[in-house]
Amino acid sequence: TVTDAATAQSLYNTLIGNATLARSGASETGASLLIQLSNGLTLQMAVRDESVMACGTWSCPEFFEAFAAAVQ
């Protein structure tokens, strides 16, 4: 869990700036990423390896490296 607002914003910027569409369909996975927005909405994406899936599968190794560093 990342609770620091600046770190969460940095992770979001990494995801938005670096993610590339890997394929248009999502597939089964046992992990998810929840992003709670300041307006109260929560975005849920499925996670597998270095990909997140929501309206397609997006590859972003940079996000997972930054996230791992942020939670240590």
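Me: How many nonpolar, polar and charged residues does the lining of the second largest pocket have?

Reply: In this predicted model, the second largest pocket holds about 160 Å³ of space. Its lining consists of Tyr-12, Leu-15, Ile-16, Ala-19, Ile-35, Leu-43, Met-45, Val-52, Ala-54 and Trp-58. Sorted by class, this lining has no polar and no charged residues, and the nonpolar ones number 10.

Me: Which element supplies the largest share of the lining of the second largest pocket?

Reply: Both α1 and β3 (42-48) supply at least two residues of this lining. The largest share is three residues, and the element that provides them is α1.

Me: Which element supplies the largest share of the lining of the largest pocket?

Reply: The largest pocket has a volume of about 450 Å³. At least two lining residues come from each of α1 (5-18), β2 (31-36) and α2 (61-70). The largest share amounts to five residues, and these belong to α1.

Me: How many residues in the lining of the largest pocket are charged?

Reply: The lining of the largest pocket comprises 16 residues, and Val-2, Ala-8, Leu-34, Ile-35 and Gln-36 lie nearest the centre. By class, 11 of the lining residues are nonpolar and four are polar, while the number of charged residues is one.

Me: What distance does α1 reach from its first C-alpha to its last?

Reply: The helix α1 has 14 residues. At 1.5 Å a residue, a span of 20 Å is expected, and the computed reach is close to this, namely 20 Å.

Me: Which residues are exposed on the other side of α1, away from its buried residues?

Reply: The buried residues of α1 are Leu-11, Thr-14 and Leu-15. They lie on the same side of α1, because they cover an arc of only 95° around the axis. Among the elements that cover these buried residues are β2, β3, β4 (51-53) and α2. On the other side of α1, the exposed residues are Ala-5, Ala-6, Ile-16 and Gly-17.

Me: Is Cys-60 buried or exposed?

Reply: Cys-60 is placed in the loop between β5 (57-59) and α2. Leaving aside residues up to four places away in sequence, Cys-60 touches Thr-14, Leu-15, Asn-18, Ala-19 and Glu-50. The relative accessibility of Cys-60 is 0%, and a residue under 20% counts as buried; therefore Cys-60 is buried.

Me: What separation lies between the C-alpha atoms of Cys-60 and Ala-8?

Reply: Along the chain, Cys-60 and Ala-8 are 52 residues apart.

How values were computed
Residues numbered from 1 in each chain as written. Predicted model: local features only at pLDDT ≥ 70, side-chain atom pairs only at ≥ 80, totals over all residues. Heavy atoms only, no water. 1 Å grid on protein atoms, 1.4 Å probe; cavity = no way out; pocket = protein on both sides within 12 Å on 5 of 7 lines; lining within 4 Å. Points joined across faces, edges and corners; volume = space filled by probe spheres on them. Helix = DSSP H or I, 4+ residues; strand = E, 2+ residues; numbered from the N terminus. Nonpolar A, V, L, I, M, F, W, Y, C, P; charged D, E, K, R; others polar. Expected span 1.5 Å × (residues − 1). Buried < 20%, exposed > 50% of the residue type's maximum accessible area, 1.4 Å probe, protein only. Arc of directions from axis to C-beta. Contact = heavy atoms within 4.5 Å.
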